[in-house]
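Here are my notes on the model, point by point. Please read them with the coordinates open.

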Amino acid sequence: MTMRFLRYHRRMQPQNLTELLSRLWHGADYNYEQWLEFPDVLHEDFRLMNLAHCTAMSVGIFSWAKLEPREGQYDFRWLDALMDDLHGHGIRAILATPSAAHPAWLSARVPEVQRMNHLGQREPHRGRQNFCRTSPVFREKVTAINTLLADRYKDHPALLLWHVSNEYGSTVCYCPTCLADFRRWLAARYGDLDGVNRAWWTTFWSHTYTDWDEIDPVDPSNNGLLLDWQRYNSDQVLDFYRMECAPLRQLTPHIPLTTNFMRPDVGLDYWKIAEHIDIVCWDSYPEWHVHDDVQTACETAFYHDLHRGYKQGQPFYLLESSPSQTNWQPLSRLKRPGMVKLASAQALAHGAMGVNYFQWRQSRGGEEKFHGAVVAHRGGENTRTFREVVEVGEMLAGMPALAAARTPARVGIIYDFENEWALGLAHLPRKVNKEYQATCIEHYTAFWRRGIPVDVINARQDFSKYALVIAPMLYLLSEETATRLTEFVRAGGTLVTTYMTGWVNESDLTHLGASPLEAVWGFKLVEYDTFGADQAGQVMCTAGNTLDLIGSARCGRFADLLEPTTAEVLAVYARDFYGTQAALTVNAYGQGKAYHLGTQVDEPFLGAFYEKLTRALGLFPLLTGLPHGVSAQARQTERQQFLFLMNFTNQTQTISVEETATDLPPYGVRIVVKDVEII
Ligand code: GLA
Ligand code: ZN
């Protein structure tokens, strides 16, 4: 028996997607249902929303118990009133399906809706997002309530966008239904058990399976198994999402669908999930003023670019951000004056179509009552936060043309989830702190600091629109991706790879013989070393190298020992028994070039490398001479360029725009709109 919901509806472009993408939106998560006994509060909320220029509110996210107080007894009256009130105030609804927090009566009646841990114990009902995604009863109940919601509001003029569930995660369930589903997933991927045994190299330690039921996804010694378990759980989330969408697509084909993403470390392959959503939304909670703000800004920029990348440059919606503090991070400081606007502008600069907050009004009780909100417990509009939120609303309302503007990037940095998982699972001579994400961000930083736009891209996509593709630590490299990278270089592209590239295929089996990129690289990888935190190595540039690199740099983490065949050596190691062996190479291949950084070089050297390389490729910064901590990002239409100049430091910074010196105050932003030649 299959637990899958089989009647998925054909994908079509919802009519209202065009409307959604044609404007900039502003709003917040609104927990109206918490305040039903306080009509004055509700009344006041709509007044304040209008004052704050709110145009779209996320509603109904955690209201299952209010919508279905007893099994089968639904009450939509309060939601009718909310939808009508929103409409009456000119505000649209981002209407959620309520699966993220199910009622206690459901767990009590059907314990199987709760997840099971790996020891076979059912988890008790608590918190939220705690359900088993394959439970047939849970799926039935979700389908029932989603169908009723879609049917009831399908013609409601407030309905803008479906917010399917909330922050799906990949928390796993080991119940018999999930394990059976995993085994079916494996059968679909590998055909039969022999295929599974081959893919996972199960002769190792006598792991050979003779029956599907022997497959138990908790064995850390079987990397292939755990990689597939991770893939399966991501696919299970996608399957659950699609099950939720089926009645929505059927009854409201004109309304776009989304679900809110988080930072990329939650164990989901967002590239895959993004193919099934209409717009990308994400929830961003940078720890401003806790660490170095410039570093935080750069990391946040990377995540925004990643979210813009999920749908190949289509604007994303910043669906949650805190207008002040959070209450779940180890430490959350008050946003300094200007920071709400700056953080919102940063999202816009990187491709956002809207900025929403969590949350509109602070709840009175429960775990999040001290989380920041647009409206505080004291109430009213006379707060610093409220005033800054109004400013964001004004900024959004003042730039309608930005909605059509896109990011002009010619550099792509690959970020790959399967690679991240495989690398994380791999028992390497360096077992911890492999730092895949940090490495991607280190390479990204070189561009962010210089004001050169970057796309964060999928390893499975076409690379031809980029002049430069960077593939940091692409340890898991399928033959197929290797072929596309090879073709990219052959056709004239420039590729940068690093240590730990191309070691295993998609099953986490090592490539035998030559690496799939060896011809492109023009070297053989013979050995590699790794460094402890206090064991830095050193690299030294070769005299007269073609990139004109000079000097030396500290290096760390990993060191590939390379034997060039056709590659030119740009830098060599300068220490240890492998001093003088190649560390940085370039190889001409077809019409293009492939650079390889065999070791993690320090920030100034990496910066200088990309400075020389981008210059050689004619990739110029949006603005030259950016002071440290000032970021320049652009979006453009055929006629206009929106240049965002953002100061992430607590000092005034002076920049020069079109030969005029301009001061950017601490945490200040300036948006320069100029007409451009038709491109
Ligand atoms: C997440 C959730 C919200 C809320 C916020 C708090 O992003 O989606 O419901 O809990 O965190 O920051
Ligand atoms: Zn389960």
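**Notes on the predicted model**

1. Start at Thr614. Leaving aside neighbours within four places in sequence, Thr614 is in contact with Phe447, Ile452 and Leu619; contact means heavy atoms within 4.5 Å. The residue belongs to helix α18 (residues 603-617). Helices (H or I, at least four residues) and strands (E, at least two) are DSSP runs, numbered from the N terminus. Thr614 counts as buried, at 3% relative accessibility. Buried means under 20% relative accessible area, exposed over 50%, partly exposed in between (1.4 Å probe, protein chains only). Leu468 is 146 residues from Thr614 in sequence, yet their C-alpha atoms are 8.5 Å apart.

2. Ground rules. This is a predicted model, in which local features need pLDDT of at least 70, side-chain atom pairs count only at pLDDT 80 or more, and totals for chains, interfaces and linings use all residues. Residues are numbered from 1 along each chain as its sequence is written, chains are lettered from A and ligands numbered from 1 in the order in which they are written, and side-chain values use heavy atoms, with hydrogens and water left out.

3. Confidence. pLDDT is the predictor's confidence in each residue, from 0 to 100. Its mean over the protein is 96, and 98% of the residues reach 70 or more. Residues 1-10 are another matter: pLDDT stays under 50 there. The model has 22 contacts beyond four places in sequence for this stretch. Where pLDDT is low, the predicted coordinates should not be read in detail.

4. Overall fold. The protein has 18 helices and 25 strands. Its radius of gyration is 26 Å, close to the 26 Å from the globule rule for 679 residues, so the protein is as compact as a globular protein of that length. The radius is taken over C-alpha atoms, and the rule is 2.2 Å times the number of residues to the power 0.38. Along the principal axes, the C-alpha atoms fill a box of roughly 75 × 75 × 45 Å.

5. Packing and surface. Of the 679 residues, 60% count as buried. Among contacts with a separation of 6 or more, 73% come from residues 24 or more positions apart.

6. Charge. There are 63 positive and 78 negative side chains, and the centres of the two sets lie 3 Å apart. Lys and Arg count as positive and Asp and Glu as negative; His and the chain ends are not counted. Each charge is placed at NZ of Lys, CZ of Arg, CG of Asp or CD of Glu.

7. Arg231. Please look at this residue in helix α9 (residues 223-251). Arg231 counts as buried because its relative accessibility is 4%. Not counting residues up to four places away in sequence, Arg231 touches Trp185, Arg189, Glu418, Trp421, Leu476 and Glu506.

8. Backbone checks. Which residues does a cis peptide bond join? They are Phe358 and Gln359, with omega about 15°. Gln359 sits in the loop between β9 (352-357) and α13 (384-397). Ser165, in the loop between β4 (159-163) and α7 (176-190), has a positive phi near 55° without being a glycine. Glu167 lies in the loop between β4 and α7, and its phi is also positive, about 40°. Ser165 is buried at 1% relative accessibility; Glu167 is buried at 16%.
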